[in-house]
Amino acid sequence: MSYPQVSATGRGDVPASPRFPEVEEAVLAYWESDDTFRASVEQRESGPGGSNEFVFYDGPPFANGLPHYGHLLTGYVKDLVPRYQTMRGRRVERRFGWDTHGLPAELEAMRLNGIKTTDEILELGIEKFNEACRASVMKYTGEWREYVTRQARWVDFDNDYRTMNADYMESVIWAFKQLHDKGWVYEGFRVLPYCWNDETPLSNHELRMDEGTYRNRQDPAVTVGVRLTSGEHEGALALVWTTTPWTLPSNLAVMVGEDIDYVVVEKDGSRYVLAEARLGAYERELGEAEVVARTTGAALAGSTYDPPFSYYRGHENAFRVVTAEFVTTTDGTGLVHTAGAFGEDDKVVTDREGIEAVMPVGKDGRFTAPVAEYAGMQVFDANAHIIDDLKAGTGSVTPGTVLLRRETYDHSYPHCWRCREPLIYKGVSSWFVEVTAFKARMAELNQQINWVPEHVKDGQFGKWVENARDWSITRNRFWGSPVPVWRSDDEAYPRLDVYGSFAELERDFGDLPRDRDGNPDLHRPFVDELTRPNPDDPTGRSTMRRVTDVLDVWFDSGSMSFAQVHHPFENEDWFEGHFPADFIVEYMAQTRGWFYTLHILATGVFDRPAFENCISHGIVLGSDGEKMSKSLRNYPDVSEVFDRDGADAMRWFLMSSPILRGGNLVVTEQGIRDGVRQVLIPLWNSWYFFALYANAAGHEATPTTASSDPMDRYLLAKTREYVEATTAQLDAYAVADACDSTRGFLDVLSNWYIRRSRERFWATGSQGGQVDEAAFGTLATVLDVLCRTTAPLLPLVSEEVWRGLTGGRSVHLADWPDAEELPADPALVSAMDQVRAVCSATSALRKAEQLRTRLPLSSLTVVVPDPATLEGFEPIVADEVNVRAVRLLAADSEEAASYGVAQRLTVNARAAGPRLGRDVQSAIKGSKSGDWSVAEDGTVTSGGLALVEGEYTLETVAEAAEEGTALGVLPGGGFVVLDTRVTPELAAEGLARDVVRAVQQARRAAGLDVSDRVRLVLGGSEGARAAAEAHADLVAGEVLATSYSVTAEPVDGESATLADGESVTIRLERA
């Protein structure tokens, strides 16, 4: 038998340098033909009542746009966790879902039909428009399937759920009725964020869904004087400031702070009222004014005034000075104009004062009657005209009104997260879920959820719940789940009915809403066609008609947990065993979106959380640190990355990054390639090494954990620790930590075990050597365990390696490794880890002193607290760092003290300052006073503050070190002293080892097998020849030369440059 036992690529060998994308494509094709995904689900039993099922909710994307990096990132987590749980023995159904309703679909349908307004939609016809919406929402399903499949995400597309399906929508209206029956749904007139371009309100949580929602904007700001008509300061001009001049025609009151101090100043015969703290800000206009009176907000309250515009003169209870808690003196004048229906806080104040709101702005954001001068103007466009009229006193400006100042104001302003137009705040009629009635219970249930990162529970999500407002759940649009409310069209005979099922509709209306093919369909216009006589009207003239609004698309998404299975109409037992979900994942902003609406509906309808574990990851940014932009081309194309580096490389880059700990991530091509270099290549090289030497020996390895060899025992014990750590990390959804553990273990495997054990495999089959079965058996065991552990993290490459090693059907059908089946040896692990630390520190010294590794040095002194723990490992250290002798020394000995070793920390204020701010001074002070430390993991802390690489310099100084030595500090205590003096003898041996390396490269270039013997002739510079002759046995033995000669004559062969200006010429041929 030879390796690979099987290969998805069809190759009969293991290539030294594979093209990972080609390997991945072959594995994907194998999975499809083998139906591996289905097998992975079906081989795990559900258990009694579904007790063995791991429940995962797939947050539905819109399918009328192509997937992007955010979907890629979330998709990898959605694949990784279920793969892990499957290998742990759970049954994990993975069902794809589609979000199909709402503005994204409507906007696309409007674009395709050349429509810009809702009136044009009505002209086209709701039925025709909604058909266009239905067609657009599934436009890119094929591309989505290709994309998701290529990233190696296993998910069931064939049994997907869609929010536009009748069954799903029936569950949605059922949830509405449940909340209504509990008294938690009401209709009200409220001020909400409003998109005049899309002609619909937004929920408050939608303003926090996208970092791009709030953008800097420059708006006009004006300071206007309105004439007081009563009170102590009658005749004075109350100066009000606003950044929304377009709201002044609707002015209804002036707000002041009850405890704020105000002054009345006089200039040129006119008196002005403003906050004392703001007087200096108006020095240009009021610099020479004299303070003639002082007062407070409380005293000003009750005064009346003439409004700035006359449109609503005589409005009941209006045009008074009133108090409001939110008035400040941070900017403006300390007096704030309010129009009631154009600000949330303003509406609260006008309601309190008994002032009925006015609304001269239509659904399209344009002025209507009675604001005749600006009728038809979009409100932002009207600003300039309003300011001009205020300045000139023209139009409907009330006589006596004064424009004291016009200016521009730069501020962060909300924009629509769909169309990106600036929003307005506008009073609208809407239906609300009274979240404030049960938000305390939402907070209690939140404590049952495990959030990753943990701070989200009481931080971003917890605080959002704590400050939750009632949720506006209706939109005056067309494509969505209907508001299932019918009411009388005659106020004289009021009646309101709420429906929560098809059965209830059929009971009262005698039929179901049906599309033109006769299928039940809750969409408009079919549901609007259901009418019936009002049962409470004895005249029989009034009719029950549906409220025409549709539900907020977030109500659809928040219903996913139960609507995907048509609960409660079907699958009731299944639902009870699968709710709440074990796991969900989306990006951090969904704490105000999907996570939030799931939690609202789960609490309100079921009094349970919707999910038990949630990863809330950060945002993927472009290579310039900005939001990804197609026009800026600031991110690598996903398809190009798949074709060049592979999906596993992309998966690793994203899964190992800070983004899964809640941070943001800058996507760079180099970062993706680093994953290939740090993980994929070491994994593959370990497999290639095993297959190469096993095939050379004709040996079929028998996995074993019984080896007595110290290196084998160490590797097996480290493998056990790796499995234990990774299991605990993935159980806790700490995916990035599991990646860190994997990276560290691969370093142990490839850069320590294989490199230190190479001769045990090399001797196999050469020079009559015996097969080292323990070495092969140990490495086979570890590769098997490693591939099963990396399978969720690197599913494609792990599959190819594992199948090639074992001949099995799929690593994803195998069980997760059991750490208990591997030997534990904490003492050996501790000692060998210390040996590795010694070698690492010594290698760093060599690099600093520019002493190449192949150059032998005379000695290394290792100073540690307990030298006995390293006894017996001296030969390993000597061979690894290429020194002739290793000496162990106790850290408390007199000789150790004589070196005067100390570390010096210098904090780089310029590098650390931007991150630490003023605290950087504490770090600097700590570095100078000795209040700093280095943890075992290398973390540097100064003045109680953890520093990151680049913010400090750590130097090791030895006051009594001899010339010709170099010192390095060991993590966790101790240091090493390297003798750096190079004798002619050492230099010659170093040159000989350089020659070995050059010959090995020539062997590879000649395409020789690892076990091929050669006849070798060497020429070159005098120094190289002398070294090759002096160390003939070393060179010949290392390169498997059966015939070996060194000559001063010219050699026809390959030339190579060696150290110290020497060179060698190589002629070799297979013996």
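**Close-up views of a predicted protein chain**

**View 1. P360 and its contacts.** Setting aside neighbours within four places in sequence, P360 contacts S250, Y312, F342, R366, F367, T368, A369, P370 and V371; contact means heavy atoms within 4.5 Å. This is a predicted model, where local features need pLDDT of at least 70, side-chain atom pairs count only at pLDDT 80 or more, and totals for chains, interfaces and linings use all residues. Residues are numbered from 1 along each chain as its sequence is written, and side-chain values use heavy atoms, with hydrogens and water left out. P360 sits in the loop between α11 (344–352) and α12 (379–392). Helices (H or I, at least four residues) and strands (E, at least two) are DSSP runs, numbered from the N terminus. P360 counts as buried because its relative accessibility is 0%. Buried means under 20% relative accessible area, exposed over 50%, and partly exposed in between (1.4 Å probe, protein chains only). One of the contacts, S250, is 110 residues away along the chain, yet the two C-alpha atoms are separated by 7.4 Å.

**View 2. The whole chain, for orientation.** The protein chain holds 35 helices and 39 strands. Its C-alpha atoms fill a box of roughly 115 × 80 × 50 Å along the principal axes. Of the 1071 residues, 56% count as buried. Among contacts between residues at least 6 apart in sequence, 76% join residues at least 24 apart. The accessible surface is about 44100 Å², and 45% of it belongs to carbon and sulfur atoms. Areas come from the Shrake-Rupley method with a 1.4 Å probe; for residues, only the protein chains shown count as cover. The chain carries 105 positive and 163 negative side chains. Lys and Arg count as positive, Asp and Glu as negative; His and the chain ends are not counted. The centres of the two sets lie 2 Å apart, with each charge placed at NZ of Lys, CZ of Arg, CG of Asp or CD of Glu.

**View 3. A four-stranded open sheet.** The strand order is β19-β18-β21-β20, with antiparallel pairing. Two strands pair if DSSP finds at least two bridges between them. β19 (496–498) and β20 (532–533) stand at the edges with a single partner strand each, so one side of each has no neighbour in the sheet. Strand β18 (residues 485–488) is joined to β19 by three bridges. Within this antiparallel pair, V485 has V498 of β19 as its bridge partner.

**View 4. Strand β36 and two partners.** β36 spans residues 1014–1020, and five of its seven residues are buried. It pairs with β37 (residues 1041–1046) in the parallel sense, over five bridges. V1014 has A1041 of β37 as its bridge partner. β36 also pairs with β39 (residues 1063–1070), here antiparallel and over seven bridges. V1017 stands opposite R1067 in β39.

View 5. In α29 (residues 874–881), the buried residues are I876, V877, A878, E880 and V881. Just after the helix, N882 takes a positive phi of about 60 degrees.

View 6. R720 is found in helix α24. R720 counts as buried because its relative accessibility is 14%. Beyond residues up to four places away in sequence, R720 touches A819, E820, L822, P823 and A824. E989 lies in helix α33 (residues 984–1005). E989 is buried too, with a relative accessible area of 10%. Leaving aside neighbours within four places, E989 contacts P856, R884 and H1031.

**View 7. The largest nonpolar core.** This core has 149 residues, and M655, F690 and L749 have the most contacts inside it. Helix α23 (residues 669–697) gives the most to it, with twelve residues. A nonpolar core is a set of buried Ala, Val, Leu, Ile, Met, Phe, Trp, Tyr and Cys residues joined through side-chain atoms within 4.5 Å. L749 touches S686, L715, I754, L779, V782, L783 and L786, not counting residues up to four places away in sequence. Another core of 67 residues lies apart from the largest one, with Y194, V322, I386 and L404 among its members.
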